[in-house]
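This report describes a protein model together with its ligand. Please keep the sequence and the structure in view while reading.

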Amino acid sequence: MRGEVVVSIDEAVLALDERSQLDFVLALRQRWADTVYPALREQYVRAAGGASGESLEEATRIVHTLPLYPWFSWMERAQQKILWRTAGDAALRREQKLRALFAEPPAEPTGELVLHPGLELPDWYTGVDIHLQPGGVWGDDLSAYVYELGARIVMLRDNDDYRFHRLFVETALPDTAERVVDIGCGFGKSTRPLVDRYPGAEVIGVDLSAPVLRLAHLEAERLGKKIRFLQRDGADTGLESGSMDLVTGTMVLHELPSDVIVRAIAEAARLLRPGGSLRFLEFWPTGEPFRDVTVYEHAERNNEPYFRDLFATDVLSACAEHGLVGARWVRFDERAKGLLPDGYEPRNEWHFPWTVLCAEKAG
Ligand SMILES: C[S@@+](CC[C@H](N)C(=O)[O-])C[C@H]1O[C@@H](n2cnc3c(N)ncnc32)[C@H](O)[C@@H]1O
């Protein structure tokens with residue numbers, strides 16, 4: 001079985017009807033971001049009467065009166081639902097093959113997969129179909145494949161080779177590191193580029209979900225990337241104190257309730273050696289009221305109940321309290337530039353307000 005091409009459901013093995021459905025979702029998504037969002041902004045500017053500097057509350061009130069807003073909101077939610085339906089159907093069509101892959105792990109792995117069947121998953125994690133993915137990413141092995149396929153197209157214009165994650169690794173991370181841990185590593189798309197960035201380094205991926213870790217392990221082995229994947233809570237990794245040069249994570253903090261965000265930061269600080277670096281790629285409000293309303297309300301549209309927890313958490317103080325210095329949010333451009341030390345350039349279309357939490361462990 002492993003000799004076959006199918007390790008993930010990649011585009012090369014999608015049937016024409018599946019490819020067409022995914023193309024439709026991607027086109028819908030681009031239309032929504034490039035055309036509907038700017039049109040919504042025009043309505044907003046007219047309704048606000050050219051005012052600027054309004055509060056988020058006032059901007060929210062205005063946005064809710066705009067004729068386009070229900071349509072804008074529905075489009076985002078509907079495309080996400082179509083995405084999961086399409087990805088779910090594609091996984092089910094290949095169910096036997098995919099389950100067999102999990103049943104037969106690599107015989108002589110270069111890396112390692114350490115699962116903890118007894119690990120009690122927190123209720124805040126299992127009680128939510130995060131991103132509207134039915135059943136989440138933790139219950140059934142197939143959910144990892146569904147998530148992987150969905151993740152390929154969820155990034156606007158960036159469904160090729162995870163350029164986004166490579167940009168993060170190339171522009172936001174320190175030049176050298178010998179021990180690195182990726183918190184909330186998912187199926188490994190944020191972890192694999194670390195192996196290329198730090199040849200010879202010990203690279204560890206931590207996640208709560210066994211299915212995504214199984215897939216991460218399979219893919220890493222197929223690609224010959226040595227990674228140790230651990231099923232642990234990012235707020236309680238069990239790894240040795242002071243053992244890491246770099247603790248990183250992408251798109252995970254916004255999935256955590258506020259108290260867990262603070263515990264995850266404390267854990268990252270514990271793991272870092274003096275002078276080591278913390279880098280978490282996240283979202284952070286832009287300060288532009290209209291854009292921020294559409295960002296905040298993405299939480300409801302996409303079923304991300306802790307999204308607002310991140311914005312309400314004093315993350316920089318939490319870093320300082322746990323011995324991290326120089327904590328700062330630095331903007332990030334997912335299209336081409338990566339880290340933006342001088343802040344965002346003007347953008348007309350809808351985009352996630354990508355921002356990197358950076359800090360160093362006091363030396
Ligand atoms: C949006 S995914 C991001 C995955 C990957 N970092 C990426 O960028 O593609 C968030 C991941 O974090 C994991 N996760 C959520 N809470 C966690 C926690 N407390 N500890 C470890 N992993 C967690 C989820 O299971 C999921 O795989």
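Helices (H or I, at least four residues) and strands (E, at least two) are DSSP runs, numbered from the N terminus. The model is a predicted one, in which local features need pLDDT of at least 70 and side-chain atom pairs count only at pLDDT 80 or more, while totals for chains, interfaces and linings use all residues. Residues are numbered from 1 along each chain as its sequence is written, and side-chain values use heavy atoms, with hydrogens and water left out.

**Two residues with positive phi**

Although Asn 303 is not a glycine, its phi is positive, at about 55°. Leu 132, also a residue other than glycine, has a positive phi near 70°. Leu 132 belongs to the loop between helix H5 (123-126) and helix H6 (141-154).

**Burial**

| Residue | Relative accessible area | Class |
|---|---|---|
| Glu 18 | 3% | buried |
| Trp 84 | 6% | buried |
| Leu 132 | 13% | buried |
| Asn 303 | 28% | partly exposed |

Glu 18 is part of helix H1 (residues 16-48). From Glu 18 to Gly 276 there are 258 residues in sequence and 45 Å in space, C-alpha to C-alpha. Trp 84 is found in helix H3 (residues 69-93). Between Trp 84 and Pro 134 the separation is 50 residues in sequence and 7.6 Å in space, C-alpha to C-alpha.

**The ligand and its surroundings**

A residue is near a molecule if one of its heavy atoms lies within 4 Å of it. There are 21 residues around the ligand, and those that come nearest are Tyr 125, His 165, Lys 189, Asp 207 and Thr 250.

A polar contact is a pair of N or O atoms within 3.5 Å. The side chain of Lys 189 has an N or O atom 2.7 Å from an oxygen atom of the ligand. For Asp 207, a polar side-chain atom is 2.7 Å from a ligand oxygen atom. Ser 190 places a polar side-chain atom 3.0 Å from a nitrogen atom of the ligand. On its own the ligand has 590 Å² of accessible area (Shrake-Rupley method, 1.4 Å probe), and the protein covers 97% of this area.

Definitions and conventions:
A polar contact is a pair of N or O atoms within 3.5 Å; within protein, one must be able to donate a hydrogen and the other to accept it, and residues adjacent in sequence count only if both atoms are side-chain atoms. Buried means under 20% relative accessible area, exposed over 50%, partly exposed in between (1.4 Å probe, protein chains only).
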